[in-house]
Amino acid sequence: MPLLGVNVALEEYDDQALASLLTRVADGGFVWIRQSFIWSELEPEDGAFDWSASDRIVEAVGRFPGLRLVAVLVDDPLVPPADPDQFAAFASDFAERYGDQVAAYQIWDEPNLAASWGGGSVSPPAYADLLARVAPAIRAVDPHASILLAGLAPTSETGPQNLSEARYLERLYRAGAASSFDVVAAKPYGFDTGPYDRRVDESILNVSRILLLRQVMVEHGDGDKAIWASHWGWNALPEGWEGAPSIWGETDEATQAAWTVATLDRARSEWPWMGAMMIENLQAAGPAAGPAAGPDVENPRWGFSLLAPDGSSRPVYDAVTAWAHSLPDAASVGGYPADTDWAAYRGSWRVGPLGADPGDVPSGTAGTPGSRARFRFTGTRVALTVRRGPYRGFAIVTVDGEPANGLPRDERGRAYVVLYDKEPGLATVPLAADLEPGVHTVEVTIEGGEGQWPLVDWRVGPAPVRNGLPWKLGGLAAAAVVLGALLIIDARRVDWTFWAGRFLAWPGWIQTALTVGVVGLFWGAASLTWGRSPSYTWLNVTCLVVSLLVLPFMVFLFALRIDLGLALVAFSAPFYLVPDRMFYRALGLPEVLVIVCLVAYGLSRGVRFDLPWRRRASDLAESRPAATDWAVALLILAGAVAGVAAADRMAAAFELRTVFLLPALSYGLFRLVRSSEGTGWRIVDGFVLGGLGVALVGLIQLVLGRNLVIAEGGLPRLQAVYHSPNNLGLYLERVWPLLVGVVLLGRGRRRTLYGVALGPVTLALLFTFSRGALLLGLPAAVLVMGWWAGGRFRRLTLVLLLIGAVAVIPLLRLPRFAALLDFDRGTTFFRLKLWRSTWWMIRDHPLLGVGPGNFLDAYRTRYVLPTAWEEFELEHAHNILLDHWARLGLLGLMAGAGIQIAFWRAALRRERRDPLVVGLVGGMAALLAHGLVDNPVFFPDLAFLLFLTLALACGSQPGGDRHTDRQTDRQTDDR
């Protein structure tokens, strides 16, 4: 947007002087002229208008096409209208008469000062009400109208007579005024310091205090709006001045000229959100003002004037006009609407108040022949604001004839912007950066998106201001830690030994039943209240209270039987979405159980319970860390570093919590208590029981014909508690090898029970019709398990794989599996496109990735290829290697590799025919094989499962101990 403007009082000049003055303004490089129109002068009586004075001014300005008129609608005296609707009616009449000649309307002036609000206390709500009436009245007759907030005067006072402009704007937002204005207007006078006084403080009056308003706008989500300077400058009164002193500070004329130009340069280079900057005045009074003209000649505002009373140029005028004429014929740093003079449109484009639309563009084409939008700018960076929505559309972009260097490229090497998004909204997309200084040209063509007005504005300069991650989360976490520590300290004062002894004296099945019953009560009560909107019905209040009261009992029970707590964590992992509101808006059940186990572990150590598992855990805690421990720590570090650098830190924080931190805490607890006799198998039992549970849920749904996904050819697919059958397949393919390992190599009752569970799990896994599970995961698991066990199992494996290969032949006749061979539009086609897009994502973010939880937004709004537009909503790269790198950067890739190395080294140190180890290596093989085409790690349930696998693979000691593990497993298995 052109910056240079000036305040004028055109009513002071006769016709000849007016034409001469406007010629000097236009020739001086000014674009904006700000002129006041007094309500009481134009409408002296209700309904009786005298437009003669305003007609003369508007017509005179209209003879200069390069000048844009900012009409200030005020009254004299500056008393708020007694009837705001009457003032709104006047504004409507004014806009209807002059809408074609007025570029912007400003409603009132300095309402944050008592002198401009009738002399009484200022009232942001009253001004907000005035705006809410006037703005719609103007827009009704002038749909293209741009509404400016009243110019807010700089003051450090805090009311009630005068109110700091930042506080006033804050209260306007609270009053709901945001929709009533398009631009914020400020008055950044320099006072006594120069343009590079960078102090930003409410108590300091300087140019930089305009940043206080910017901060308020960003905090209220209004960062896309511009700020205009309705008045600004430095006061330089002539030598020997005998009039009233300046209240805006004072400097000499040479300094005034230098500081004014320097401020314009600062705005162009540092403030891309800055719009028009209108210098305080052209002349403080008309040309007739002289020594005999009365008190106006003593007005200290003459110190701001560009022209002297006799019409001669002052140094500041000469400096500003020289600056304007030195600008290149291209847009400088700032934001520019679609209809800017520096943009040109050829072909079918339409330009209007919403932006620019490519017109009727046939599907699959890039506009009509020769249809392009072209934008000239000077600078090193350029961005484009687009209107996204649930429609197919892509913008193909070049800069200086080459593909834009800030965008991904399609198969033809074209740089493109994705216009699709799940919800309608505006987004500013960086197109190019690190360009050579000078003039550049952007060209845009649109594929699809006709009628959506996808091009909104152009931006030259730094990226838009973003909100940082709120520190409140850190404060809440710290408070939780402190409260937990205090709870443990208080708990040590209670004689827990008596109660612990009574509980542990009960039979094991009663302890298990009681613990499971308490957790079930919590789950039922929390699922009805946690994550829901507040409701004060009797049932909701009761359930909320019960869920909170049960938590201390869960802590006590887990402190005594941490093995049961961790078994319930393993059981609940696949149920993390039940209900989904609890997971997304509060904490899912597995997360709550991990936190309760952690508190219980701390409590048991603080209260000094004499528990066998605690003694074993203490020994383990004092041992040196295992390789898996270091690998897990590296993965958490990679997630944290990538999360801090992510574009959407809230999404990153959510995934860090659900996929990294809490599952990693469960790993630590698994490691600490794995060593006690039978504990490892109880945790495994919980994991298997959870897998059996989701399998049974899916099979019941199949029988009832509910919650099924109908795939190609009418194929019914199970999804159980998940949002996709593929997620169910990813989980069950990790349960299945463990069941098979125990059935083939185990002994006793567990072998029988696992054999019973194997049938439903296998059937459910088959009915997921997950191609990755059935064609990659299960064959890999069988192959690795047979090779690992050795002997006759290797021969059995070959037979099973041969049978499986024969069984695949009829599967390939089903449309769902036949699509794998379609390289033009099938699944394989989209996977290849997705991997290409992910590679571009990695090239742009090689070191830190896009961050946890940021893949979906980055892909669908930036990297999806135009030829793959049918699948925008993809949350991961569908490849374990690419997913680690794109999500977490190089450090995450190293962590993923470290986890695999540590796991296989730990497994190799264990008994080769240990049923647990055989099942674990089979599950890890399924993870790696299915991970070639899907995401086997970065979901909460799969993360819990990965960390459980690592903990179990370590055995009873950090380095693993074959004899102890084998003995423990045999004792447990014989029970």
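**Figure 1. Lining of the largest cavity in the predicted model.** In this predicted model, the largest cavity is lined by F687, R734, L738, G919, L920, G923, L945, L948, T949 and L952. The largest share, 4 residues, comes from α30. By type, the lining residues divide into 6 nonpolar, 3 polar and 1 charged. The space inside the largest cavity is about 80 Å³. The model has 4 cavities of 30 Å³ or more. Rolling a probe the size of a water molecule over the atoms shows where empty space is left.

Figure 2. G746 is placed in the loop between α21 and α22 (748-767). With a relative accessibility of 5%, G746 counts as buried, because buried means under 20%. G746 and R913 are 167 residues apart along the chain, and their C-alpha atoms are separated by 9.3 Å.

**Figure 3. Helix α1 and its buried face.** Helix α1 covers residues 15-27, which is 13 residues. From its first C-alpha to its last, α1 reaches 18 Å, close to the 18 Å expected at 1.5 Å a residue. The buried residues of α1 are L18, L21, L22 and V25. Seen down the axis of α1, these buried residues fall within an arc of 95 degrees, so they line one face of the helix. They pack against β1 (4-7), β2 (32-38) and α3 (52-62). On the other side of α1, Q16 and D27 are exposed. Just after α1 comes G29, which takes a positive phi of about 90 degrees.

Figure 4. The bond that joins D76 and P77 is a cis peptide bond, with omega about 5 degrees. P77 is in the loop between β3 (68-74) and α4 (84-98). A cis peptide bond also joins V578 and P579, where omega is about -10 degrees. P579 is found in the loop between α14 (562-572) and α15 (580-585).

**Figure 5. W108, with a positive phi.** W108 is not a glycine, yet it has a positive phi of about 75 degrees. W108 lies in the loop between β4 (102-107) and α5 (124-141). Its relative accessible area is 0%, so W108 is buried.

**Figure 6. H878, with a positive phi.** H878 is a residue other than glycine, and its phi is positive, near 55 degrees. The loop that holds H878 runs between α27 (855-863) and α28 (880-908). H878 counts as buried, because its relative accessibility of 9% falls under the 20% cut-off.

**Figure 7. The protein chain as a setting for the close-ups.** The secondary structure of the protein chain comes to 31 helices and 22 strands. Of its 975 residues, 55% count as buried. Among contacts in the chain with a separation of 6 or more, 77% are between residues 24 or more positions apart.

Key:
Residues numbered from 1 in each chain as written. Predicted model: local features only at pLDDT ≥ 70, side-chain atom pairs only at ≥ 80, totals over all residues. Heavy atoms only, no water. 1 Å grid on protein atoms, 1.4 Å probe; cavity = no way out; pocket = protein on both sides within 12 Å on 5 of 7 lines; lining within 4 Å. Points joined across faces, edges and corners; volume = space filled by probe spheres on them. Helix = DSSP H or I, 4+ residues; strand = E, 2+ residues; numbered from the N terminus. Nonpolar A, V, L, I, M, F, W, Y, C, P; charged D, E, K, R; others polar. Expected span 1.5 Å × (residues − 1). Buried < 20%, exposed > 50% of the residue type's maximum accessible area, 1.4 Å probe, protein only. Arc of directions from axis to C-beta. Contact = heavy atoms within 4.5 Å.
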